[in-house]
Amino acid sequence: MTTTAAPAPSVAPQHRAPVCRPSLLRLSGVELRKLVDTRAGRWLLITIGLVVVAIVTLLLIYAEDSEQTFFTFFVTSLLPVNVLLPVLGILSITSEWSQRTALTTYALVPRRERVVAAKLIAVVLAALASLLVTVAVAGVGTLVASATGGAGTWQVDAALIVNGAIVQVTGVLMGAAFGLLLLNPPLAIVGYLLLPTLWSVLGELVRPLRGPAEWLDTSRTMEPLFTNHVTGEQWGRLAVSLLVWMVLPLAAGLFRTLRREVS
């Protein structure tokens, strides 16, 4: 007697859901969290806020009553913050290589330029947030000055706030550019602090370099931004200096990052 085997049950084909790559907005949010989650980034952000508060407090204690104005509080606070923000940009860019997370990051997001773009957006947002903190603390200092006998005047051109934003954003992007180019935190920090300073000193000491220094020394080209009025020629000098110290290192650093082997 022959038996007939039962037909095998049909298995419905399984359809896999399409894998969607994370949006640039989501990647930027991740990079913002990295700035806060890492110990170095967190303390650097805290230090920036404390420095602004300390400067305004010192001005309230030691500055002449006539100098206790929103303009003085705001402009004086921008200077040290503009030194610290580039370090934040460097740490954000180089963290993947210094903490050996580049393999994981670039495995999840193979297009490295999207990761770099997200990091740049994150540090720009951090720079704008620091500007808002500076404006807020300067405003509080102005209120305290007016209540304690200081000038406490609010006379300031809106262009000064815009110029302050340009100073903060370009500063953090210059730091990020050196981080991309060197991919090593100590080396990038030293390079960022040393090379422009060395060029500035040479521009003062070497007579043939004084002319080019007017166009390539960022300490000179950014100085007009701390005033209420910037001329067209001054904007041109600023653009040339940023081309040399920000755009070119960014382009070269991006090229290096895209081609570097991850191990």
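What does W154 count as by its relative accessibility: buried, partly exposed or exposed?

Modeller: Happy to! W154 counts as partly exposed, because its relative accessibility is 44% and that class lies between buried, under 20% relative accessible area, and exposed, over 50%, with a 1.4 Å probe and protein chains only. Before we go on, please keep in mind that this is a predicted model, in which local features need pLDDT of at least 70 and side-chain atom pairs count only at pLDDT 80 or more, while totals for chains, interfaces and linings use all residues. Residues are numbered from 1 along each chain as its sequence is written, and side-chain values use heavy atoms, with hydrogens and water left out.

Now to the rings around your residue. There are 4 aromatic pairs in the structure, a pair being rings of Phe, Tyr or Trp (its six-membered ring) with centres within 6.5 Å. W154 pairs with F70, and the two rings are stacked, at 5.8 Å centre to centre and 20° between the planes; stacked means planes under 30 degrees apart, edge-to-face over 60, and tilted the rest. This pair brings together distant parts of the chain, since F70 belongs to helix 3 and W154 to the loop between helix 5 and helix 6, 84 residues apart. Helices here are DSSP runs (H or I, at least four residues), numbered from the N terminus. F74 joins in too, as ring pairs link F70, F74 and W154 into a cluster.

On a 1 Å grid over the protein atoms alone, a cavity is a set of points where a 1.4 Å probe fits but cannot get out, and a pocket is an open set with protein on both sides within 12 Å along at least five of seven lines; lining residues have an atom within 4 Å of a point. By this rule there is 1 cavity of 30 Å³ or more. The largest cavity holds about 40 Å³, a volume being the space filled by probe spheres set on grid points that are joined across faces, edges and corners. W97 and Y106 line the largest cavity together with I93, V116, K119, L180, L183 and T257. Helix 3 and helix 5 (112-147) are the elements that each give two or more residues to this lining. By class, the lining has 6 nonpolar residues, 1 polar and 1 charged; Ala, Val, Leu, Ile, Met, Phe, Trp, Tyr, Cys and Pro count as nonpolar, Asp, Glu, Lys and Arg as charged, and the others, Gly among them, as polar.

E96 is also in helix 3, which spans residues 70-98. E96 counts as buried because its relative accessibility is 1%. Its side chain makes a polar contact of 2.6 Å with that of K34 and one of 2.8 Å with that of T105; such a contact is a pair of N or O atoms within 3.5 Å, where within protein one must be able to donate a hydrogen and the other to accept it, and residues adjacent in sequence count only if both atoms are side-chain atoms. Beyond neighbours within four places in sequence, E96 is in contact (heavy atoms within 4.5 Å) with several residues, among them E31, T101 and K119. K119 is one of the residues that line the largest cavity.

Let's finish with the largest pocket. Its volume is about 410 Å³. It is lined by 17 residues, and those closest to its centre are N82, V83, Y192, T218 and S219. Helix 3 gives two or more residues to this lining, as do helix 6 (158-182), helix 7 (185-205) and helix 9 (218-221). The largest share, 5 residues, comes from helix 7. The lining as a whole has 9 nonpolar, 6 polar and 2 charged residues. In helix 9 you will also find R220, which is buried, at 18% relative accessible area. A polar contact of 2.7 Å joins its side chain to that of E204.
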